[in-house]
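Please take a moment to look over the sequence and the model below before reading on. The paragraphs that follow lead through it step by step.

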Amino acid sequence: MYGYNGKVAQVDLTKRTVQEKPLTSEEARKFIGGSGLGAYYLARHFKEHSGDAAVDPFSPENPLIFTVGPYVDTPVPCSGRHAVTTLSPLTGIFAESDIGGSWGVAFKRAGYDGLIVTGRADSPVYILVAEGRVSIHDAAAYWGKDTFATYEELKGATGGEVTCIGPAGERLVRYASIMSDGRDARAAGRCGVGAVMGSKNLKAVVARGDKRTEIWDQSALAAGVKAMIPRIRQGNAGMTRYGTAGGVITHESYGNFPLQNWRLGRWPEGVEKISGQRIEQTILAGRYYCRGCVIGCGKKIRIKEGKYAGVEGAGPEYETLGCLGGMCLVDDLEAIAYANELCNRYGMDTITTGNAIAFAMEAFEKGLIGEGDTGGVKLTWGNAEAMVEMVRQIGERTGLGKLLGEGVKRAAEAIGGLAVEFAHHVKGLEFPAHDPRAFNGVALAYATSNRGACHLQAFTHPFERVVKMPEMGYEEPHDRLAVEGKGQFVAGLQNLMSMVDSLKICKFVFNGGVQVSHLTSWLNSITGWNISPREFLETGERLFTLKRMFNVRYCRISRKDDTLPPRPLTWKRRGEGVTVNLPPLGRMLSDYYECRGWDEIGIPTREVLERLDIADLF
Ligand code: SF4
């Protein structure tokens, strides 16, 4: 089968067995790969094993699924990625996490399209996927080590690419990540996929192989890709120079960058000190790329002197600067860089970590927690040392970190009182660093994303400011404050991004003008299929709806859950240059359900499931 290896490995860690099963061409065409294929395997597993109710995400029955897609290990630019899919211990609903780096290509070259891990090993293990064979090995020597050491030692011992958890995953921090590439860190960061891995006593998955992906029409693919690469590079010149951190100053200027747990309007004097531009002037040491990338947004940093001397490797990204910096009003760049490195070493999502600390700072300010809870730490806004100490406590699961390691939703419920008023999450997943008041599309996307508050499942914000998608009817970016047509706009982009997350390609290619027809023709050249752009988007609709139905069926998700917390719905962000806006969520949501053909409480109808050919899964 062109574009695929045609097989998936199934590992039961309790029984220590390995089985192979075919990936059929029908399954590949319907569910593509990446998170689409992961969602299919997850839904099938639950249908076969769990009846009507979701299992405990930490139970051995919860599958942890690694998948690549047809673009991986081909000349398609920025396609060295893979997906991790499971039931989230943070949210209790569908979880997917996308990650770049080197592991995806190595895994595909090892001869598989996916790895489904169930069960729980009775002692720490790692899985080796090498040259068409899967085996389970003792990992006692690596347990307790951080992700940098684990990566270096296991890579040295096996010669393979390593994706692994750190101490946070072992300690079941509910937002533990799975990390690749050591100091050049790449993270499957969101939803706590690393904690599921830890619950299985699985320290790492190592991939090694040299089997190349067969391509149906190599020359057509090469020609199509070659034409777009200069445009992708040009459209991402700022990303290449500054990385995602380059957007901090701009996004703060109009009210998108998060400040003080989503309470403050402007902070220009603060962001100037933590921007990508400031990183370039001070601690930048180089650049790094995911496999097959032509952009290179990864920024290496090095701190040579001072309190944080010795920090070296991946620099803080935009989201990290937003959550550990702006959210906590910390303007000490080196402290943020150190906290970022700590998160990477422990293996923790920097977005949720920063949200949890900012939430705790507000609880401290309001007197809901005190120094008796923080171990004597004055958890005040802008206190860089306190922020770093909280990262350490969360990673170690000590002190207040025990509670904050449960995520903002659980922490607010435990603290009680008014804490739920300023706990910023959707369905249990904390906000990334984009203000839903700055973009009505982001508000609707957070409310309806299948994994909780997520800016990537719809990736609307670039298409509401600068990026055009004429092939979907958007000759200009969609007005970010428009209400009319926003439901259609968000649903369309969710369908498109569901394909992107399944083919496996970095979303930054859209900055270079990549359109649906490019993605479709590259897929056809790789696989020999002959699908139209319309079928391409319908397949994306199938994948998005499949994830929604999983949440409806097993997690009882409906309209009551498709909402935002009080502050961004009722508290206007103000300040010079900030567009004052409260997203009219109820109206947009009704339009959104209508254009998806779902009923009034957000349940996909039987007709929709049959049209998309997924009714048999539920
Ligand atoms: S642009 Fe950045 S995240 Fe995307 S593939 Fe390249 S290095 Fe990876």
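In this predicted model, the C-alpha centres of domain 2 and domain 3 are separated by 28 Å. These belong to a domain assignment that divides the protein into domain 1 (7-208), domain 2 (243-426) and domain 3 (440-617).

How do domain 2 and domain 3 meet, and how many residues are in contact? On the side of domain 2 there are 28 residues in contact, and they face 23 residues of domain 3. The size of an interface is often expressed as the accessible area that is lost when the parts come together. For domain 2 and domain 3 the buried area is about 1,800 Å², and carbon and sulfur atoms contribute 56% of it. One salt bridge is found across this interface. As for salt bridges, the side chains of Arg-567 and Glu-362 form one, with a distance of 2.7 Å from N to O.

Is Asn-355 buried or exposed? Its relative accessible area is 1%, which is under 20%, and therefore Asn-355 counts as buried. Leaving aside residues up to four places away in sequence, Asn-355 touches Trp-262, Cys-323, Met-327, Val-408, His-424, Glu-430 and Phe-431.

The last stop is the ligand, whose surroundings consist of Arg-81, Arg-186, Cys-290, Cys-293, Ile-295, Gly-296, Cys-297, Cys-506 and Phe-508. Sorted by class, this shell holds six nonpolar residues, two charged residues and one polar residue.

Conventions:
Residues numbered from 1 in each chain as written. Predicted model: local features only at pLDDT ≥ 70, side-chain atom pairs only at ≥ 80, totals over all residues. Heavy atoms only, no water. Near = heavy atom within 4 Å. Nonpolar A, V, L, I, M, F, W, Y, C, P; charged D, E, K, R; others polar. Buried < 20%, exposed > 50% of the residue type's maximum accessible area, 1.4 Å probe, protein only. Contact = heavy atoms within 4.5 Å. Domains from an automatic or database assignment. Buried area = accessible area lost by both parts, 1.4 Å probe. Salt bridge = Lys/Arg side-chain N within 4 Å of Asp/Glu carboxyl O.
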